[in-house]
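Please walk through this chain with me, one contact at a time.

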Amino acid sequence: MEALREVEAELTVYVHPSNAADVPRAVSRQLSGLLFSYEERFDGVLLAHEAQLVDEDNKENATKEKDKKEAKLEEDKKEAKIEEETEAKSNKKPKILKAKILNGLVPFFGVRVCANLLLFSPQPGMLLEGKVEMLGKESIHAVVLGVFSVAIMSDDIHEKFRFKRKSHGGRFVSRSDREHFIKRGTMIRFSVKSVDTEMNCHITGSLIPPHTGSMRWLSVHDAEYASEISSRWIQASKVSRMNKNTEYSRMKIAW
């Protein structure tokens, strides 16, 4: 989905001294408190995170080593790398991470963190996909990723759609093709018209731009969308084959 993006960020997480015995867990708890809420600093809603504490000593040493090795030949670089890996394996002493104590009544300490973040960041003009939860003559209401609400008002529904009331709630049917309809439970593709970040990314959508409507109908009758689906399938198949024998570390997600 276009609105999903993965970013790498260097953060400073403030931890209470009572959690000093298990800093990684405390950092994870702090980041999990931001899940599924809009964060202006990230320009999106945090969906998942994977964080690693930064070892300041190793960071400084690595920078110095990099400056020295720039003048050496490629073969020397490989040999130096092998020696460093061997030395790292033989050293079983625990690493000491630097942290700064903040002045004040409660002395929290700041921990440098390198984090991979999965963000939901919809922008006007993007094409998103959602499931219709409720609809009527004046509007269509859907959800994206099962969490984020979408409202498409009558002015933003293409004039080719005509609302037909049924006993089970009604549906929008295309005047040009009766097979193109939208009802409760239909997966739709819509254009983002605006995003209200104060309401945790409430989206106002539109079905007027091209390549929007019922995803099922578009997959058959819209060449561009059909090509996009095919590309996604090919890419997913390649990734699946590449990672068949690879172990993944699960992202920590708190609901």
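K193 and D156 join their side chains in a salt bridge, 2.8 Å from N to O. This pair links distant parts of the chain: K193 belongs to strand β12 (residues 187–196), while D156 sits in the loop between β8 (148–153) and β9, 37 residues apart. A salt bridge here is a side-chain nitrogen of Lys or Arg within 4 Å of a carboxyl oxygen of Asp or Glu. Helices (H or I, at least four residues) and strands (E, at least two) are DSSP runs, numbered from the N terminus.

A word on the basis of all this. The model is predicted, so local features need pLDDT of at least 70 and side-chain atom pairs count only at pLDDT 80 or more, while totals for chains, interfaces and linings use all residues. Residues are numbered from 1 along each chain as its sequence is written, and side-chain values use heavy atoms, with hydrogens and water left out.

Back to the pair. D156 is buried, with a relative accessible area of 8%. K193 is partly exposed at 48%. Buried means under 20% relative accessible area, exposed means over 50%, and partly exposed lies in between (1.4 Å probe, protein chains only).

How many salt bridges does this rule give? The count comes to four. One of them joins E10 to R112, with the closest N and O atoms 3.3 Å apart. E10 lies in strand β1 (residues 4–15) and R112 in strand β5, so the pair ties together parts that are 102 residues apart in sequence. E10 is exposed at 57% relative accessibility. R112 is partly exposed at 27%. In another salt bridge, R41 meets E39 at 3.2 Å, N to O. R41 is exposed, with a relative accessible area of 61%, whereas E39 is buried at 14%.

Now stay with strand β5. V113 is part of this strand. Is V113 buried or exposed? V113 is buried, at 0% relative accessibility. Setting aside residues up to four places away in sequence, V113 touches A9, E10, L11, V13, V27, A51, Q52, L53 and V54. Such a contact means heavy atoms within 4.5 Å. The C-alpha atoms of V113 and V13 are separated by 7.0 Å, though the two residues are 100 apart along the chain.

In soluble globular proteins, nonpolar side chains tend to be buried together.

Take I152 from that list. Apart from its neighbours within four places in sequence, I152 is in contact with E138, S139, I140, I157, I188, F190, G205, S206 and L207. S191 also reaches G205 and S206; its other contacts, again leaving out residues up to four places away, are G125, M126, L127, T204, P209 and T212. S191 is located in strand β12. S191 is buried too, with a relative accessible area of 9%.

Next, a sheet. Three strands form an open sheet in the order β9-β10-β11, with antiparallel pairing. The edge strands are β9 and β11 (181–182), each pairing on one side only. Two strands pair if DSSP finds at least two bridges between them. Strand β9 pairs with strand β10 (residues 171–174) in the antiparallel sense over four bridges. F163 has F172 of β10 as its bridge partner, and K164 stands opposite R171 in β10. Which residues of β9 are covered? F161 and F163 make up the covered face of β9 (residues 161–164), and R162 and K164 the uncovered one.

What of the cysteines? C201 is buried, with a relative accessible area of 1%. C114 is partly exposed at 34%. A search of the whole structure finds zero disulfides. A disulfide is a pair of cysteine sulfur atoms within 2.5 Å.

Last, confidence. The chain averages a pLDDT of 80, and 70% of the residues score at least 70. Over residues 244–255 the pLDDT is below 50, and this stretch has 16 contacts in the model beyond near neighbours in sequence. pLDDT is the predictor's confidence in each residue, from 0 to 100.
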